[in-house]
Amino acid sequence: MSLLELKDVSKVYGDLHALDHANLTVDKGEWIAIMGPSGSGKSTMMNIISCMDRPSSGKVIFDGKDITKESRRKLTEFHRDKIGLVFQQFHLINYLSAVENVMVAQYYHSMPDEKEALEALERVGLKDRARHLPSQLSGGEQQRVCIARALINSPELILADEPTGNLDEANENIVLDIFRQLHKEGTSLVVVTHDPEVGEVAQRIVRLDHGKIVSDKKNDNFSE
Amino acid sequence: MRQWKKLLMIGLTVALGASIATAMLNVMLDVGDKINEELKTYGSNITVLPQSEAVMNKLYDVENGEEKNEYIKESQLGELLTIFWANNITDFAPLTDTEVSFGGKNVKLVGSWFDHHLEFVKKGTTYQRDTGIINLRSWWDIKDGKWLDEQKLDSANYAMIGAELAKEQNIKAGDTITVNSEKGSQTLKVTGIFESGDDEDQCIYTPLGVAQKLTGSDGMFKKAEVSAITSPDDELAVKAAKNPSLLSGDEYDLWYCTAYVSSICFQIQEAIPEASASAVRQIADSEGKILEKTQLLMSLITLMSLIGATLGISNLVTSGVMERSQELALLKAVGATNGQVTGLILTEIIATAIVGAGAGYFMGYAFAQIIGQTVFSSSIEMSGMVAFIVIVLIIAVTLVGSIPAIRMLLRLRPSEVLHGGH
């Protein structure tokens with residue numbers, strides 16, 4: 001059953017077609033890697049999927065509902081309730097501790113609950129670092145806090161933009177193990193990456209070039 | 001840390017704006033009384049004459065026309081202590097002048113109260129006041145001797161002499177002189193030589209009793225000078241000055257209960273029916289003009305300081321939002337609405353502004369006292385209303401100053417800030 005559908009979606013900036021008549025379906029519980037070189041339209045697709053940007057044309061259907069024409073406020077609510085974001089640069093608030101950074105997402109979703117936030121950090125193996133500031137954490141640890149923040153509101157879809165782009169190999173493996181665990185638990189994952197090693201662990205690989213989807217294949221090497 | 005510095009700068013900007021606004025508004029509200037007090041040192045602003053003489057003056061449009069021998073009873077002067085605006089009357093003195101021969105020439109002798117202790121009883125109430133020309137002629141420079149102390153000396157035998165006359169007649173303090181009039185002669189001991197810088201330097205000033213004896217007008221006086229703290233004239237005062245009976249009931253009440261020079265004159269005439277009180281226009285007009293100009297200057301300084309604070313806040317908040325664009329975009333990305341993010345920024349800024357305004361208010365209090373002591377040699381009374389006005393102004397300035405930053409905040413797109421371009 002599909003969770004997300006992009007139907008003939010284009011995004012045009014002046015003469016530039018950042019996304020050009022793209023069609024994509026993400027099933028519930030599916031793990032997809034979106035790959036492509038710089039400027040291929042990966043981030044544009046991610047922004048449209050995350051409801052942080054609107055397509056110039058085409059439709060975005062989430063859980064059977066066309067959200068293309070929703071108001072900005074509705075899109076914000078929708079995005080807050082359904083989607084968790086993981087960023088390459090982590091984007092943690094530097095004067096808040098790890099657990100407080102997780103609670104920020106709770107604050108704008110429902111209400112902060114420190115116990116739940118600590119549980120989310122425990123899922124990514126960082127409960128003992130909960131009171132540390134981002135500056136006191138390694139890059140891998142900061143990314144795990146970012147993942148805990150994305151998970152805290154139990155989203156239906158995790159969107160990760162180059163989640164291992166700033167990490168060393170050891171931390172990259174830790175993050176990918178977390179993704180495997182989330183996938184096992186039934187969370188849908190869309191990971192934008194240009195790293196073949198990250199792409200290769202996904203269930204399905206979609207390749208973009210010049211805004212067009214040039215291939216969309218199941219990953220034969222995928223293993224749970 | 002950087003944001004704390006930014007908030008500290010916003011607080012300081014607000015404090016500076018608030019302090020200037022507080023100081024200027026308090027001085028502005030208090031400056032009327034201060035300027036009045038200053039101008040009181042230049043003499044009286046109301047003249048009381050017998051009715052008939054006032055009518056003649058009005059007909060011929062002169063202040064000091066041909067001398068008449070009309071008088072008012074000295075005992076009635078105490079009525080000034082009973083009128084509605086009695087507390088605004090700071091000093092008053094009766095005056096009776098006459099020509100006497102002295103040293104082979106005719107000179108003007110003026111009888112008046114110097115520091116007279118007045119007691120007046122009306123309907124069982126006793127009113128008291130020490131009043132006289134010591135305060136009404138505060139610009140006199142005593143060149144020799146001292147002021148005539150009416151309460152300590154046997155007033156009938158003392159006098160003060162103008163500097164020119166004293167020099168001409170070679171008289172010093174402590175000398176005795178004799179003056180003659182049609183009604184008799186009087187020997188007087190000179191307590192002091194004064195320099196006034198005008199025609200009075202050719203005069204002899206004595207207690208009122210001496211002039212009454214020399215003019216045969218016991219218990220009477222020719223005119224009185226009154227110094228009163230007044231409000232500047234406005235349209236209502238001008239309308240009332242023409243004819244109070246033209247005012248509507250409400251206008252009349254407002255005029256009567258406002259310390260316009262015309263309403264004080266009107267009340268003096270009510271209290272002393274045979275007298276006519278009129279404003280010394282130069283003084284009354286000067287008060288109004290100086291007050292208006294001073295208040296305009298203070299308003300402009302307040303306005304400029306608030307505009308400066310607005311621009312300062314605008315720059316600081318805008319640069320603060322720019323520096324925090326990632327954090328604010330992140331908040332939007334995790335589900336914060338524009339309203340919530342705007343509310344967060346405004347709450348921080350308004351809380352900082354209120355702290356700054358509090359500090360500024362106390363700084364403004366100090367500035368106001370410095371201005372009061374430096375310019376008027378007295379303290380400035382702080383008004384509670386100013387605190388309220390300053391808080392409202394500061395909140396308005398903060399909100400207006402935050403508009404550019406809020407517009408930037410509303411345009412902030414998390415997709416551009418957090419993921420880069422396309």
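Mentor: We begin with a definition: axes are lines fitted to C-alpha atoms, for helices over the stretch in contact, and angles run from 0 to 180 degrees between N-to-C directions. The model is predicted, and for that reason local features need pLDDT of at least 70 and side-chain atom pairs count only at pLDDT 80 or more, while totals for chains, interfaces and linings use all residues. Residues are numbered from 1 along each chain as its sequence is written, and chains are lettered from A and ligands numbered from 1 in the order in which they are written.

Trainee: What makes H3(A) and H4(A) a packed pair, and at what angle do they pack?

Mentor: The axes of H3(A) and helix H4 (residues 114-123) of chain A are 9 Å apart and the angle is about 115°. On the H3(A) side the contact is made by Ala98(A), Val99(A), Val102(A), Met103(A) and Gln106(A), and on the H4(A) side by Glu114(A), Glu116(A), Ala117(A), Leu118(A), Ala120(A) and Leu121(A), where a contact requires C-beta atoms, placed from the backbone, within 7 Å. These residues divide into eight nonpolar, one polar and two charged (Ala, Val, Leu, Ile, Met, Phe, Trp, Tyr, Cys and Pro are nonpolar, Asp, Glu, Lys and Arg charged, and the others, Gly among them, polar).

Trainee: How are H5(A) and H6(A) oriented to each other, and how do you know?

Mentor: The axes of helix H5 (residues 139-151) and helix H6 (residues 169-184) of chain A come within 9 Å and cross at roughly 15°. Angles under 35 degrees count as roughly parallel, over 145 as roughly antiparallel, 65 to 115 as roughly perpendicular and the rest as oblique, and H5(A) and H6(A) are therefore roughly parallel to each other. H5(A) passes H6(A) in a right-handed crossing. Gly139(A), Gly140(A), Gln143(A), Arg144(A) and Ile147(A) of H5(A) meet Asn171(A), Ile174(A), Val175(A) and Ile178(A) of H6(A), and these residues divide into four nonpolar, four polar and one charged.

Trainee: Is Cys51(A) buried or exposed, and how do you know?

Mentor: Cys51(A) has 23 other C-beta atoms within 10 Å and is therefore buried (20 or more such atoms mean buried, 12 or fewer exposed, and the range in between partly exposed, with C-beta atoms placed from the backbone). Cys51(A) lies in the loop between helix H1 (42-49) and strand S4 (57-62) of chain A, and its phi of about 65° is positive although Cys51(A) is not a glycine.

Trainee: Which strands of the open sheet in chain A are called edge strands, and why?

Mentor: The sheet has four strands in the order S2-S1-S4-S5 (chain A), with antiparallel pairing. Strand S2 (16-27) and strand S5 (65-66) of chain A each have a single partner strand, so one side of each is left without a neighbour in the sheet. Two strands pair if DSSP finds at least two bridges between them, and strand S1 (residues 2-13) of chain A and S2(A) pair over eight bridges. Tyr13(A) stands opposite Leu16(A) in S2(A).

Trainee: How many residues does each chain bring to the contact between chain A and chain B?

Mentor: The contact takes 16 residues from chain B and 21 residues from chain A. H10(B) provides the largest share of the side of chain B that touches chain A, five residues, and by class that side has seven nonpolar, eight polar and one charged residues.

Trainee: What are the totals for the secondary structure of chain A, and how are they counted?

Mentor: Chain A comes to seven helices and ten strands (helices are DSSP runs of H or I with at least four residues, and strands runs of E with at least two, numbered from the N terminus). Buried residues make up 46% of the 224 residues in chain A.

Terms used. Contact = placed C-beta atoms within 7 Å. Left-handed = near helix turned anticlockwise from the far one by under 90°.
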